[in-house]
Each structure stands twice: as C-alpha cells, then as structure tokens.
Amino acid sequence: MVESLNLSLGNIHNPGPGFVPFFLGLSLAFLSVLAFFIPDLRMNEEAFWDSWRRGKNILLIFAGLIVYLLLFQTLGFLVNTFWMIIYLMKLAGAEGYRKSILVSILAMVVLYIIFYRLLIIPFPRGILGI
Amino acid sequence: MPTKLLACFVGVVIGTAVGVLPGIGPSGSIALLLPLTFYMDATSAIIMLAGIYYGTMYGGSTTSILVNIPGEAQSVITCLDGYQMARQGRAGPALGIAAFGSFIAGTLGVIGLMLLAPPLARFALRFGPAEIFALVLLAFVLVGYLASGSMAKALMMAVLGLLLACVGIETISSRARFTFGSLHLEAGIDMVPLIMGLFGLGEVLEEMGRKAKVDARRYTPRFWELFPNKKDWRVSLGPIGRGSLVGFFIGILPGGTGIVASFSSYAIEKRISHHPERFGQGTIEGVAAPEAANNAAAQGAYIPLLTLGIPGNAAIALTLGALQIHGVIPGPLLIRQHPEVFWGVVASMYLGNILLLGLNLPLIGMWVRLLTIRTHILYPMIILFCIIGAYSVNNSVFDVGMLFFFGFLGYLLRKLNFELAPLILGFILGPIMEVNARQALIMSQGDLGVFFSSTISTVLLSAALFVVLSSVYSGMQKKKS
C-alpha cells in the first residue's frame, strides 16, 4: 500500500497507476481483519502445528533448494542437479544410495541429450564446464 | 495435421495418467507442460492442454472406484457409490459406466460448445470496457461464492492474485500498463514460475509431506467385466443426461469447476430418485451422474474462455496463459480471427473423447499399475521438470528462485486451507479488469455512471451484488441457528 502511494494515486475520476494497487491493498487488509475476527473462519491452529512438525521434511527440501539456487551458476546445471536429485530422493524416502545415484545418472543423460543437444537451452556450465 | 493429432493423443494420455495419480491435479500438470507448448503452434498447444484437462476427468474416477481414494477432487463424490460397488464385486460396471458416461457427457459437451460459442461470441462483440469490467467483477464474486471453503478466504486469494499481477507489470515497465498487447505478454512471462511454483511444486511438496501406499489390484476387473448390463444402462441413462446438462451449465459459470458440477448432480439425483436410501450403498446412478457432470463441465468451461477471454477456473486460466504466450488473445474475435484455433479445439475434443474411451476401458490394468510407481522417484523428477520449465522461459536463474518462492508459498497456503484457484484467476483476470475499468473511466471522462449506462453491465453488476448479499444473508442465517 505504501508502495502504491508513491506511484501517483490519482483520484477515482482519473486513476493513476497506483490507484488499483492501493485499493487492492486496502481490501486485502480488510479481508484479513474479517478473517481474523470471525471465529469460524480462523484456521485450526492445532492441526496446523501438527502438520508443521510432520512437515519438517519440507523445510529440509527447501533448505536444499536454496543451496541449489546459490550453487546454480558456480556448479553448472548438470552437476548441481545431480546432487539435488539424490538429496530429494533420500528425503522422499528412497532406501540406499545406489538406486538414487543410478536414477540421477540416468536423468542426467536424458537431460543432456534433450536440453543440451536437441533444444540447446543455454544452461549455466559452471566451473567444470559441463 | 499429424502434429495436432499427436498433441491430442499426448494430452489425453497425460490427462488420464494425471487423473489416476492422486496428488497431481490438472492445473499442476498443465503448469508442468506449459513450457513444452512454447515449441508448438497455438492450436496444438491448446489441443494438448485441453486434452489434459478433460483427460483427468476420465482418469480421476478409476482410483475412486478401486481404492476409495479420489484421483482428483472432482471424483470425491464418485467414491461414495463407486467404492461400494467395487466391494460388492461390481467394479467392472462401475468403471464401465464412468467411462461411457464420461464419453456421452463429453461428446454432448462438445456439441454444446460448438453450438453455443459462436452466437455468444457475436453477442460478446457488443461488450465494451464497462461490460467486461462488470463481467470480471461478477466472475470474482462467483469464484468466492462457489469456493468450497470460506468466501472471505477465497476473496483474499483473489486480491492477492490481483496484487501479484500489478507487481509483475510495474516492475517491467509502468508505461506498458496502457498498451494492450505488450501488457499481456509481460504478465505472461512472469506467469510460468508463479503457476509452476504454486501448482507443480506446491502440490508435490504437499504430497511429500505425507506418506500413503495403495493396493489397487484387489478389485481390478477384467476387460469383459467392464460392460454394464441392460438394467445398468436403463437406470443410468437418465442420470447421465441430467448430469451432462447440469455439469455443462455449471462449467460455463466462473468458478464452476468439475467439483461443483459433480456434487450438484449427485445431490439432484439423490433428491429425485425413488430410492434415495440406496445412494451411498453402491448404486450405479451415483457413479454415472457425477462422472457425466464433471466431463460436461470440462467442456463447458471452454465457452467463457473462447468467447469472452475470461477463464472460469485455474486450469482454464493456464490455457489462456499458454495462448497469450503465443500471441493469440482469446475473446469475442477469436472465432473470427483464429478460426483454426477454435475449430481445431472442437475437432480435437470429439477425437479426444473417443481416444479416452479407448484408452480407459481396455487399458485399465495399465493405469492401475501406474499407482505402483515409487513416489521417491516421481516427485524429484517433477521438481526437476519445474526447474527446467521455469529456467527455460527466460533462461534466468532468478525465475528458478521465483519458482521456489511460489512453491513454498503454495505449500503454506495449501496447509492453511486457502484455495489457490482464485489467486491464479486474480493474477490473470486482474490486468483485464484494471485496464477495462480505466478505459471505461477514460471514455466517460471520469463519470462512474458509465458502469450503469448499458443494460448488459447493469445486469451483470446487479447480479454480482445479489450474489454477495445472498451469501452474506445465508451466512448470517447460519450463525443464528
């Protein structure tokens, strides 16, 4: 809302670029207040925290994805994706490393053929040059 | 032509697979395949995406009947009678009537689409900015009204989507806000990571949080058991017909998804039945009606898109996005300017329904086997696909970051029981609504009366007001009791 005030707000008869965002912010604030005060609209807090604890996996996945993002340019797409798939497979409940590595290598080969050779998408190559 | 046939085939195959697999919905899979459509022409793109959409309507019933787990949300109601039938050893007729009912309703839906869309488009030519603004406003209100959860939450999501749409445009070029064509393009570029994150990544994350194993083979019938007998047909034809009609018209409404259609038609059948007590005990009408309804709704949903350029639900909004990326702007002029797109879609739907019947009945065992794919292989692959998709649109790492951000946001919102469809609708309809509201005001030189100057917009706006008032009223009634 503050952002939209910086854009020229205009008036209702001659709206500027910030006119719509301002009123959207206003209505979102109004609806949140509404949802907060009407008791049956409030979410079940118990259930939320319960699923939160079970969702610890999700946090680990996200930590992994953020690391993935940071290393995207340095490691290059293929190398970076290689460890990420193994990591995700472990989190999703794969047993043993051998299968994860096998799947990951297979995915790499397919990716290389489709995206590097056929579609030629300029993925970052990274320090290893692949 | 062969590429379009291939697009149709690929679409319905993926649609059925997605329909069978619980957890991955049509919106998510359309989002996943969106980048692939960049390499096709506009007609093939919409043919494939449409195939996915109505394909899921077929596939969704399979797991509902065999394992009591709905493959998709619109098949929830099929569990009630479908699974009971399976337990009584009648899984074959249940699956059979679901597929035949879907086929009949789907075909009727296409005929309806073919007959209704051109006159509607001609009528829509009379729509000016004020009318379109009124229509989009009505669409938002209806989305909130038809939402399965609370209206305030659905509207919050819609507003959030509108806000996101504003950000997308302003960061790129605030001047582009006043030019029509490039504005859509710019909103479309940001759309892929947003949608892939919210639907693709978000859905997978939610599924990874829980663990479930299903044994679907117990009730899987053989091919010759799939055909319903004469009595089954006699009692099912009525429900299929009524389901098609109800589903089709609910599909046309904004926010009227297959879920609403299947629940409504089930409720109607139960009310007019001579034996309402049999519903829930494994009666074949309880499978035929909702399965017909959600298929008819899937076809009906294309009417507002192809005639007005206004999508009624998330999956259709994604299709609109795909068309916009190709520079085809759906609207009243689409049928005239791009007849090949419109008639291509209609033709592909006839064909797609036949393909789906062929795919679903003899190959049911194969689809059931799909359920045994290990999720720890499937889900990382979907995440990988999201990453590639988000990256390849602009070749930008920033978009991958956006994807992760929206994935996490989508996961949180799901966990908090927010619906994501209104958000996408807000994101896509927002620019349409804003531009039309401002154009109307500019044309009228700031006079707000422009929104009531024509009969069409006055009717639309009063309808919107009526929906809001009636839902507030019924909410207050509920509180009293």
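This is a short tour of a predicted model, stop by stop.

**Confidence first**

Colour the complex by pLDDT. The predictor gives an ipTM of 0.70 and a pTM of 0.74 for the complex. Chain B averages a pLDDT of 77, and 85% of its residues score at least 70. Then select residues 168-189 of chain B. Here pLDDT stays under 50. For that stretch the model has 27 contacts beyond four places in sequence.

**Chain A**

From the N terminus, the order of elements is α-β-β-α-α-α-α-α. Of the 130 residues in chain A, 25% are buried. Take the contacts in chain A with a separation of 6 or more: 41% of them join residues 24 or more positions apart.

**Helix H13 of chain B**

Go back to chain B and select residues 314-325, which form helix H13. Check the length. At 1.5 Å a residue, these 12 residues should span 16 Å. The end C-alpha atoms are 17 Å apart, which agrees.

Is H13(B) largely enclosed or open? Largely enclosed by the rest of the structure, because 12 of its 12 residues are buried. Among them are B:Ile316, B:Leu320, B:Leu323 and B:Ile325. The buried set also includes B:Gly321 and B:Gln324. Step past the end of the helix to B:Gly327, which follows H13(B) and has a positive phi, near 80°.

**H2 against H13**

Which residues of H2(B) meet H13(B)? Select B:Pro26, B:Ser27, B:Ile30, B:Ala31, B:Leu34 and B:Thr37. Facing them in H13(B), pick B:Ala314, B:Ala315, B:Leu318, B:Thr319 and B:Ala322. By class, this contact has eight nonpolar, three polar and no charged residues. An α-helix has 3.6 residues a turn, so residues three or four places apart point the same way.

**H4 against H5**

Next, select helix H4 (residues 76-87) and helix H5 (residues 91-124) of chain B. They pack at an angle of about 145°, and their axes are 7 Å apart. From H4(B), the contact uses B:Thr78, B:Gly82, B:Met85 and B:Ala86. From H5(B), it uses B:Ala91, B:Pro93, B:Ala94 and B:Ala98. Colour by class: six are nonpolar, two polar and none charged.

**Two single residues**

Pick B:Thr56, in helix H3 of chain B, residues 42-67. B:Thr56 has 32 other C-beta atoms within 10 Å, so it is buried. Leave aside neighbours within four places in sequence. B:Thr56 is then in contact with B:Gly15, B:Val18, B:Gly19, B:Pro26 and B:Glu72. B:Pro26 is also one of the H2(B) residues that meet H13(B). Now draw a distance to B:Asn436, 380 residues away along the chain: the C-alpha atoms are separated by 34 Å.

Finish at B:Gln439, in helix H19 of chain B, residues 421-443. B:Gln439 has 18 C-beta neighbours inside 10 Å and therefore counts as partly exposed. Its C-alpha atom lies 53 Å from that of B:Val67, 372 residues away along the chain.

Conventions: Residues numbered from 1 in each chain as written. Chains lettered and ligands numbered in written order. Predicted model: local features only at pLDDT ≥ 70, side-chain atom pairs only at ≥ 80, totals over all residues. Helix = DSSP H or I, 4+ residues; strand = E, 2+ residues; numbered from the N terminus. Expected span 1.5 Å × (residues − 1). Buried ≥ 20, exposed ≤ 12 C-beta atoms within 10 Å, placed from the backbone. pLDDT = per-residue confidence, 0-100. Contact = placed C-beta atoms within 7 Å. Axes fitted to C-alpha atoms, helices over the stretch in contact; angles between N-to-C directions. Nonpolar A, V, L, I, M, F, W, Y, C, P; charged D, E, K, R; others polar.
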